Amino acid sequence: MNKEILKIALNTKNLSFLNGYTHCAKLKNTNCGDEIKIYLIVKNNKIIKLKYEGESCIYTQASASLLSHSVCNKSTKNVHLLFDLEKNHLKKKKSYTNNAWKKILKLMNNSNNSRKECLLLPIKATLKALKK
């Protein structure tokens, strides 16, 4: 495990229930049993706040922590873009990215490729919440 992942995962500022959420979803990784619940406040197709709870590995926690800091004040369409960027990044395809997603994409490297489902779980849960 990378020390950087541990450092990111230890940032638990947004690890809690979110009062007044407008969107919520729970998702489980069937491969390992990780589970995450995402809470969102969305106004005018813009994510105002994201918080999360769950029982998960350090990789899912790091991804959720970065996601919670990166999506605030972003369009809901940007979450779909991020998911596509991460999938392409894991497949080593070239894709355009902006500065907002660089930290998250940095987690998606060869040494973490075996944990890609853990890393993608918070984003998949966020997309599920946005569909409701």
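Author: Let's begin with a word we will need: contact means heavy atoms within 4.5 Å. Keep in mind, too, that this is a predicted model.

Reader: Thanks! Which residues does I38 touch, leaving out those up to four places away in sequence?

Author: By that cut-off, I38 touches H23, C24, A25, L50, K51, Y52, P122, A125 and T126.

Reader: What makes a group of residues a nonpolar core, and which members of the largest one touch the most others?

Author: The members must be buried nonpolar residues, such as Ile, Leu or Val, joined through side-chain atoms within 4.5 Å. The largest core has 19 residues, and I36, I38, L40, L50 and V79 touch the most other members. At least two residues each come from strand 2 (35–43), strand 3 (46–55), helix 2 (58–70), helix 3 (76–90) and helix 5 (116–131). Helix 5 gives the largest share, six residues. Apart from this core lies another, of ten residues, including I8, C57, A62 and L66.

Reader: How many helices and strands are there, and in what pattern do they follow along the sequence?

Author: You can find five helices and four strands. Their pattern along the sequence is α-β-β-β-α-β-α-α-α.

Reader: How do you know that strand 1 and strand 2 pair?

Author: Pairing asks for at least two bridges between the strands. Strand 1 (residues 23–28) and strand 2 are joined by six bridges, so they count as a pair, and they run antiparallel. In one of these bridges, L27 has I36 of strand 2 as its partner. The hairpin they make has six residues between the strands, and G33 there takes a positive phi near 95°.

Reader: And what makes strand 2 and strand 3 a pair?

Author: The rule is again at least two bridges. Strand 2 and strand 3 have nine, in the antiparallel sense, and therefore they qualify. Look for E35, which stands opposite E55 in strand 3. Two residues lie between strand 2 and strand 3 in their hairpin, and N44 in the turn has a positive phi of about 55°.

Reader: Why is Y39 called buried, and F17 partly exposed?

Author: Buried means under 20% relative accessible area, exposed over 50%, and partly exposed in between. Y39 is at 3%, so it counts as buried. F17 has 41%, which falls in between, so it is partly exposed.

Reader: Why is the pair of Y21 and Y39 called tilted?

Author: The planes of Y21 and Y39 stand at 50°, with ring centres 5.3 Å apart, so the pair is tilted. Y21 lies in the loop between helix 1 and strand 1, so its pairing with Y39 in strand 2 ties together parts 18 residues apart in sequence. With 37% relative accessibility, Y21 counts as partly exposed. Through ring pairs, F17, Y21 and Y39 are linked into a cluster.

Reader: How much of the protein counts as buried?

Author: Of its 132 residues, 43% do.

Notes: Residues numbered from 1 in each chain as written. Predicted model: local features only at pLDDT ≥ 70, side-chain atom pairs only at ≥ 80, totals over all residues. Heavy atoms only, no water. Buried < 20%, exposed > 50% of the residue type's maximum accessible area, 1.4 Å probe, protein only. Phe/Tyr/Trp six-rings, centres within 6.5 Å; stacked < 30°, edge-to-face > 60°.
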